Amino acid sequence: MKKELFEMFGSPSDLSIEAILARLSMATVIGLFIFLSYRLSHDGSIYSKKFNVSLVTLTIITTTVMIVIGNNLAMSLGMVGALSIVRFRTAVKDSRDTVYIFWTIVTGICCGAGDYVVAAIGSGFIFMVLLLFGRIRNDNRVLMIIRTARMNEGQVEALIFQRFSRKATLRVKNSTETDMEFIYELNQKVFDKKQKTGKSIMDEIYAIGNIEYFNVVTQNDDISS
């Protein structure tokens with residue numbers, strides 16, 4: 001009975017030192033490949049050297065864990081249980097960072113299992129996709145926040161429509177007995193282009209009179225530190 005249980009749950013990995021070094025070396029090489037990909041697809045303040053180094057380390061760690069687990073079912077279940085209690089609260093700056101984390105984990109699993117071909121070919125395809133599309137950025141959005149006297153409601157709406165046509169979307173319209181507040185959203189490129197032609201939108205808004213404030217806020221989907 002003990003023998004059957006031992007065979008069912010597997011035995012510890014009996015890989016040779018050469019095999020272990022080969023798997024860890026391959027994981028390191030592909031990890032450096034991931035390092036290069038991350039460096040090429042990120043630039044400016046969004047690039048984090050510490051995070052990039054962590055990607056290489058995570059690849060090697062995952063490979064080491066896979067080598068230790070091997071075909072041992074009991075150890076794999078124990079590892080899943082141990083990892084399930086760990087909570088990661090580090091904010092992800094860019095949605096692409098999640099892709100890189102999964103890439104390192106999958107690479108570590110492949111190298112730990114000895115599937116070098118799958119790890120290399122898969123990493124090559126991922127590298128090409130991220131190289132082609134990794135520099136794509138979401139267009140920044142501009143929010144124009146205008147607070148004015150309620151009697152200026154029609155003038156403000158007419159001015160914004162005349163200046164930006166349908167490219168400025170009214171997101172919020174708040175009112176009191178005496179005041180009105182508008183929040184318009186439009187593309188950053190459209191806003192900049194209109195600002196370069198003729199009188200600035202700020203001057204035109206304040207020319208209406210009885211304007212409490214006019215704020216311009218730029219938004220994007222990237223979370224910077």
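1. Start with what α6 sits on: its buried residues pack against α2 (17-41) and α5 (95-113). Keep in mind while looking that this is a predicted model, so the confidence scores in the later points matter for how you read it.

2. Which residues of α6 are buried? They are A119, S123, F127 and L130. These four cover an arc of only 75° around the axis, which is why they end up on the same side of α6. Buried here stands for under 20% relative accessible area.

3. As for the helix itself, α6 takes in residues 116-133, 18 residues in total. From its first C-alpha to its last it reaches 26 Å, close to the 26 Å expected at 1.5 Å a residue.

4. Next, the strands. β2 (residues 169-175) and β3 (residues 179-187) pair in the antiparallel sense, with six bridges between them. The link from β2 to β3 is a hairpin of three residues. If you want a landmark in this pair, find N174, which stands opposite E181 in β3.

5. How many helices and strands does the protein chain have? There are nine helices and four strands. Reading from the N terminus, the order is α-α-α-α-α-α-β-α-β-β-α-α-β.

6. Some totals for the protein chain. Of its 225 residues, 31% count as buried. Among contacts with a separation of 6 or more, 77% are between residues 24 or more positions apart. The accessible surface comes to about 14,300 Å², and carbon and sulfur atoms account for 62% of that.

7. On confidence, the protein chain averages a pLDDT of 78, and 73% of the residues score at least 70. Among the elements, α2 has the highest mean pLDDT, at 89.

8. Which element has the lowest mean pLDDT? That would be helix α1 (residues 2-9), with 47. Over residues 5-12 the pLDDT stays under 50, and the model has 10 contacts beyond four places in sequence for them. Where pLDDT is low, the predicted coordinates should not be read in detail.

Terms used
Residues numbered from 1 in each chain as written. Predicted model: local features only at pLDDT ≥ 70, side-chain atom pairs only at ≥ 80, totals over all residues. Heavy atoms only, no water. Helix = DSSP H or I, 4+ residues; strand = E, 2+ residues; numbered from the N terminus. Expected span 1.5 Å × (residues − 1). Buried < 20%, exposed > 50% of the residue type's maximum accessible area, 1.4 Å probe, protein only. Arc of directions from axis to C-beta. Contact = heavy atoms within 4.5 Å. pLDDT = per-residue confidence, 0-100. Areas by Shrake-Rupley, 256 points an atom, 1.4 Å probe, with all protein chains shown as cover. Pairing = 2+ DSSP bridges.
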